[in-house]
There are 2 protein chains.
Amino acid sequence: MKSDLDTLMQVRNLDALVVLGNAEHNPPMYYFVGGGHVSDAMLVKKRGEAPILFYNDMERGEAAKSGLKTRPFSEFDLAELQKQANGDSLLALAMRFQKILEDFDLTRGRVGIYGQVEFSSAFGMMVKLKSLMPHVEFVGEAGMDSIFLMAMETKDESEVERIRKMGKITTAVVRRVQNLLTNSDVRADEVLLKEDGSPLTIGDVKSKIELWLAELGAENPEGTIFSIGRDAGVPHSTGNPTDFIRLGQTIVFDIFPCERGGGYFYDFTRTWSLGYAMPEAQELYDQVYEIYNQLADNFDLNAPFKDYQRMTCEYFESKGHASSLNTKAPLNGYVHSIGHGVGLNIHERPFSSLTVGDDHRLAPGVIITSEPGLYYPEKGMGIRIEDTIWVRPDGKMEILAEYPYDFVLPMKKWKKKK
Amino acid sequence: MKSDLDTLMQVRNLDALVVLGNAEHNPPMYYFVGGGHVSDAMLVKKRGEAPILFYNDMERGEAAKSGLKTRPFSEFDLAELQKQANGDSLLALAMRFQKILEDFDLTRGRVGIYGQVEFSSAFGMMVKLKSLMPHVEFVGEAGMDSIFLMAMETKDESEVERIRKMGKITTAVVRRVQNLLTNSDVRADEVLLKEDGSPLTIGDVKSKIELWLAELGAENPEGTIFSIGRDAGVPHSTGNPTDFIRLGQTIVFDIFPCERGGGYFYDFTRTWSLGYAMPEAQELYDQVYEIYNQLADNFDLNAPFKDYQRMTCEYFESKGHASSLNTKAPLNGYVHSIGHGVGLNIHERPFSSLTVGDDHRLAPGVIITSEPGLYYPEKGMGIRIEDTIWVRPDGKMEILAEYPYDFVLPMKKWKKKK
């Protein structure tokens, strides 16, 4: 939680955090500012002190909405610094950065730097700042272990409620998609049709998803996976927009929108087969659903997340599928890890691959996905089931938005010929 | 244009470009890959050679859609490197980076690094890479002058058509918003009402904007400015969602969506006063419209963009307004610059502030905004008019999406009492 930051800073011997960039679509800045049109800002937080947001004058109103202590960049005369730097604008920005740090008495010690930014100019500026301030160590942290991902790993109740609300929006859209599909007419060759009689494409479905997400107040910055057949067998294939939708094919529908303005995400997957299922696909589905339920029964408070990755690998291997337990980077079988944290990042701590540490745990307040899957692209099929789960402080695991686990969806206007 | 990159690399003595990050919402990566769900990728382009995209195995299908030469990261055993690095994951990533560069015979020389990424881990990795490869100079470039913004500054015809299409979507949404407003009922106190009789809020209008943009296939990652009265007087204030919409107030409506998936932007502003206008607001509007037209008549092929900033400052100062010509960072009057380039970045070269160089020109193929404005927050008013304009190779300036310049919008169901 945010209140852990000072302790984490002490443990890591960081005297200050500096976050660069916009307030939107920039998790560490959003964590403090709460979104809004604050661009190219800088936030400085000394250990044990409240953060201060530096903003551009034109955005003073937006900066004020953050509720943070704010200061305008115009306190520092960038045009004058630019002159002193002989027109070297990266040097001028580094000089302004130096003046800001000096203002906080940060002339030595360790300063962590964060933020979603264009790397080139930020890197160029930091190289110059390092020469200007040789007694300050500027610290970059590995994504998975950064102090922000550590703090963000556990959620407070208001964060849980925001993610829960995104879950309700997500499943409402999934319900509409399910209705759209099952109410469609079907051509003799088992292709779904739109009302105008032309084939329903993946692109059509995705357009509806975007429309419905917008209507319900969500944003979809990372797109949606809606992939059929062979594409469903490649976990991150998003689906080919011109492909038709056919009965009896596995459809992997993985949807992960966030609050408008770049806030909290939800992550959800169902796999459907319309009208009927190929026996082999049904068998795969049953196995995925079986381990999904075994996991749900076995999640224990504070257990290492990767224990469940191992459990899933062992289960799938016992059924004859490859997994990362005994195969390096498999492309068939169980090819990813069992889940990840969800918050301001769609993927955040805790992680669950076999290589991560035991500190990635089902700690109280963590929000994770559970998403077993099986993939056989050459057979034209893939299966994944995914829910977002809150590890409650009382030790219960709560799915934040319930949705049925039907695999075969009966078509309202189509019946299988006997 | 993209074909300029090799020449630019030669001029800057860069042996290679490396782009990090996702394909979406990452202009330099999008420039090559064209979007799609390719995440945490790396693109390497040696001078004079075609770029190569390194991707994560799960996204092989998405990577292939780029049409680029691709290679999977799994060619390099990150788990083994992690072991060699004693679990230091930034060092392991730096070692993989080193192996990739060595594969391209890049063991000395100058390598530019780009991409929209989380700074902390990328910076931490680069610090380690610099020690691993002391003979390579890793170059960060100032945003405004980066080789990508230089190349992107001029657009080819396919880029122009994409931006034009975004202009059509943008103005279609503006038309719908205009109709929504002018068809509204009006309460006795001049507040607009929704069909259910409750006041129409800025939040309501923004929800409609999001819905209509989604319906027409656009994305709106940076939000919309729809601000009234005092907020309209602060250029980047986005408007307060709970505020009511009233007659006779200046409404600054600045909308800047992009293609779905993080592609090309459009940028457009109109200022409206519903039903009637305050005389002082009308006077300001007339002045802004006058200089808007003077600029349109005076834009010359290859002229420095900032010449038009000077012309605008001089015009407004002659009318008694402050501007950056003689006031440092004014908060009243004409408080920003006259325009900027538009493309994969909402703000890109050429820029027009008085401090930029003459190389920011109206070169053939450039796409710019022209957006004069006047701001008086304490008087509760602000005015801006903005179009996106293509500087055609034949020297004509073409507005990419036409829209009327009415200031006072008559209300269909309301008449001013005599």
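I started at B:Met42 and looked for what faces this residue: B:Phe54 in β3(B) stands opposite. I keep in mind that this is a predicted model. Next I checked how the strands β2 (residues 41-46) and β3 (residues 52-55) of chain B are joined, and found three bridges, with the two running antiparallel.

Then I looked up the whole sheet. I noted six strands of chain B in an open sheet with mixed pairing, in the order β4-β3-β2-β1-β5-β7. β4 (69-72) and β7 (136-139) of chain B each have a single partner strand, so I put them down as the edges, with one side of each lacking a neighbour in the sheet. On average, neighbouring strands here are turned by 25 degrees against each other, ignoring direction.

What lies across β5 (109-114) and β7 of chain B? I found helix α6 (residues 119-132) of chain A there, at about 120 degrees to β5(B).

On to the rings. I got 41 aromatic pairs over all chains. I picked A:Tyr285 and A:Tyr289: their ring centres are 6.3 Å apart and their planes at 25 degrees, under the 30 degrees cut-off, so I call the pair stacked. They sit four residues apart in helix α10 (residues 279-298) of chain A, about one helical turn. Buried or exposed, I wondered about A:Tyr285? I found A:Tyr285 buried at 3% relative accessible area, while A:Tyr289 is partly exposed at 31%. I also wrote down that both belong to one aromatic cluster with A:Tyr292, A:Tyr405 and A:Phe407.

Last, I checked for charges over rings. I found A:Lys416 over the face of A:Tyr276, 4.3 Å from the ring centre, and B:Lys2 over the face of B:Tyr31, at 5.4 Å.

Terms used
Residues are numbered from 1 along each chain as its sequence is written. Chains are lettered from A and ligands numbered from 1 in the order in which they are written. This is a predicted model: local features need pLDDT of at least 70, side-chain atom pairs count only at pLDDT 80 or more; totals for chains, interfaces and linings use all residues. Side-chain values use heavy atoms; hydrogens and water are left out. Two strands pair if DSSP finds at least two bridges between them. Axes are lines fitted to C-alpha atoms, for helices over the stretch in contact, and angles run from 0 to 180 degrees between N-to-C directions. Contact means heavy atoms within 4.5 Å. Rings of Phe, Tyr and Trp (its six-membered ring) pair if their centres lie within 6.5 Å; planes under 30 degrees apart count as stacked, over 60 as edge-to-face and the rest as tilted. Buried means under 20% relative accessible area, exposed over 50%, partly exposed in between (1.4 Å probe, protein chains only). A charge sits over a ring if NZ of Lys or CZ of Arg is within 6 Å of the ring centre and within 35 degrees of the ring normal.
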